[in-house]
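Subject: Structure handover

Hello,

Here is the structure I said I would pass on. My notes on it follow below.

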Amino acid sequence: MSRQTYRPEGIADDFATGGPAEATGDGGDASTGAPSSASPKAPNLGWRGTLRWTWRQLTSMRVALMLLMLLAVAAVPGSILPQRPQDPAAVVEYLGEHPTAGEWLDRFGFFDVYGSPWFSAIYLLLLVSLVGCIVPRTIAHGKALRARPPRTPARFERFPAHRHVTTSASPDQVGDAVAQHLRGRLRWLPAFRVETGQEPARAARGNLPARPAARTVAAERGYLRESGNLLFHLALVGLVVSVAVGQLMHYRGQAIITEGRGFANAVVDYDTFESGAWFQPESLVPFSMTLDSFTSEFATDSVAFAQSRDFTAAVTVTEPDGTTSEDTIKVNHPLEIDGAKIYLQGNGYAPEVTVNDAAGEVAFSGRVPFLPEDQVYTSRGVIKVPDVSGGQEQIGLVGYFLPTAVIDEDGTARSVFPLPEDPLLVLEVYRGDLGLDDGVPQNVYRLDTANLTESVDDDGERVRLLLEPGDTVDLPDGLGTVSLGEDVPRYVALDLRHDPSLAWVLSFALLALAGLTGSLFLPRRRVWVRAWSTDGVTHVEVAGLARGDDAGLDAEVDRTVGAVPGLDDAPESSAEEPPERGTED
């Protein structure tokens, strides 16, 4: 808020009367006042002026808001289109389905939005705009904090809130009591900045009546409103910087591990891994983890049947120095290791499947994770068998694992409970070219059947193989055999995340909230008090002024009046307005 000046009545304003300004009118004749025939010309800014104008536009609040909105709009393609750092296979698939549009989108970086030059340019311009807007305001606010409260104006009746009372206390007593009240009890954080003074007596002049000597108090509060506003903008800059640093230094990896097995904290051991531009693989702490067991609990009552109750992964962590420790990971209770948090992202079953080709050789053997699709863990999985011998066609198996299977009268198999009480594996068989040698990345949980032929029976129906734990059945068309292991291991999907900026982001977010609260709810007010004696009676005037609408201004003035001592002992005064000062005889 700019400091207000109060001009004594009767003194004309040069800019209102057009005094000196008219004498040197722009483009006019000083002697006749007639307008000049020459048309005004815009000044030549030059390169310095152009740079100064550009800088002022960039650091204006409206441009900062425009850049903030532009940044939000620019981030939209990153949530709609597949991004190469997170899912390169989806980008390849999109380019194959949209060759023309995909090529142009790839040229402009729409498949890596957050790492593109244009997104970074908007981000940096927003940062520069915020800093350039905050710095001069901070300097101006620092000067305002050291400035004195505004001087006491001559006429209080001009203000929206003013009072006049009489008291038996002296003007000095009134000034001291009111000043103490306005400062408040907390000396280290005063409610008002207060300055007391003396006004000398003044004879009548113009529209101003005579004024006896008076004690004055000038107070101002609300500087924390601007401080909160600056704090909000500074915290916003901190948020922008923190998020940028976090994106540059973060890393995240996902791994699926089964019971009795583990993984090492290395990039090559994760199923998927993404990181920022400043991430170095050598910075990973070389610990390892083993999944000892996984337990789950589900409701068996009729009200909440098959609803999950608890998931617990018991793990053993081996530190780089060889020391081991046992711990557990639960949902919403991650395990923290060296600044990285490991979350339990999902779980399911990984039956052990063995496929022998037509020559009897083992073409595939291992645990296959099946992904749950419903509440009773009906899980879908894919088995790709490319390594067959003797020029045999490659084999693809796709189907469902049912933890507690029930076969209906029409032959349809389904699961009725998530725990493996009566497990069953249902598979369909395909043969042909799996496309693994084309150099195009594939999703391991999907089977591309474009170049495959499904196996059918004599009636033209798809062949479905049903396997219980320990079973071995023949594949159709003489392709070999498939076996299901006795045990059904569980697997967990772990998500390891490391972002060094999270604590900073939280801190700056809280600071921004505190600053915004202060800038919205702290009032900016000025209060003036004048006390003088006439005929043995002390008259006290109180006036208040607020910046903008302030419903509490009248209450503030009333509280100030209440701090005046000696009101109860004051002689009665019938005057609603203060007497014309200067009438004392």
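The buried residues of helix 12 are covered by, among others, strand 1 (161-167), helix 9 (171-183), strand 3 (214-221), strand 25 (525-534) and strand 26 (537-546). Contact here means heavy atoms within 4.5 Å; buried means under 20% relative accessible area, exposed over 50%, and partly exposed in between, with a 1.4 Å probe and protein chains only. Helices (H or I, at least four residues) and strands (E, at least two) are DSSP runs, numbered from the N terminus.

This is a predicted model, in which local features need pLDDT of at least 70 and side-chain atom pairs count only at pLDDT 80 or more, while totals for chains, interfaces and linings use all residues. Residues are numbered from 1 along each chain as its sequence is written, and side-chain values use heavy atoms, with hydrogens and water left out.

Helix 12 itself spans residues 553-562, and its buried residues are Leu553, Glu556, Val557, Thr560 and Val561. They lie on the same side of helix 12, because they cover an arc of only 140° around the axis. The arc is that of the directions from the helix axis to the C-beta atoms. An α-helix has 3.6 residues a turn, so residues three or four places apart point the same way.

Next, the cores. A nonpolar core is a set of buried Ala, Val, Leu, Ile, Met, Phe, Trp, Tyr and Cys residues joined through side-chain atoms within 4.5 Å. The largest has 52 residues, of which Met289, Ile329, Ile395, Leu397, Leu475, Val482 and Leu494 touch the most other members. Another core, of 21 residues, lies apart from it and includes Val165, Val540, Val542 and Ala546. Leaving out residues up to four places away in sequence, Leu475 touches Val355, Ile395, Leu397, Val429, Leu465, Gly480, Thr481 and Val482.

On to the sheets. Two strands pair if DSSP finds at least two bridges between them.

Another open sheet has 5 strands, ordered 6-4-24-11-10, and its pairing is antiparallel. Strand 6 (272-275) and strand 10 (335-337) stand at the edges with a single partner strand each, so one side of each has no neighbour in the sheet. Strand 11 (residues 340-349) and strand 24 (residues 490-498) pair over 8 bridges, and the partner of Gly348 in strand 24 is Tyr491.

Strand 8 (residues 308-318) and strand 9 (residues 324-330) pair in the antiparallel sense over 7 bridges. The two form a hairpin with 5 residues between them, and Gly322 in the turn has a positive phi of about 95°.

Last, helix 10 (residues 223-249), which contains Ser242. Ser242 is buried, with a relative accessible area of 7%, and its side chain reaches the backbone oxygen of Gly238 at 2.7 Å. A polar contact is a pair of N or O atoms within 3.5 Å; within protein, one must be able to donate a hydrogen and the other to accept it, and residues adjacent in sequence count only if both atoms are side-chain atoms. Leu234, also found in helix 10, is partly exposed at 44%.

Regards
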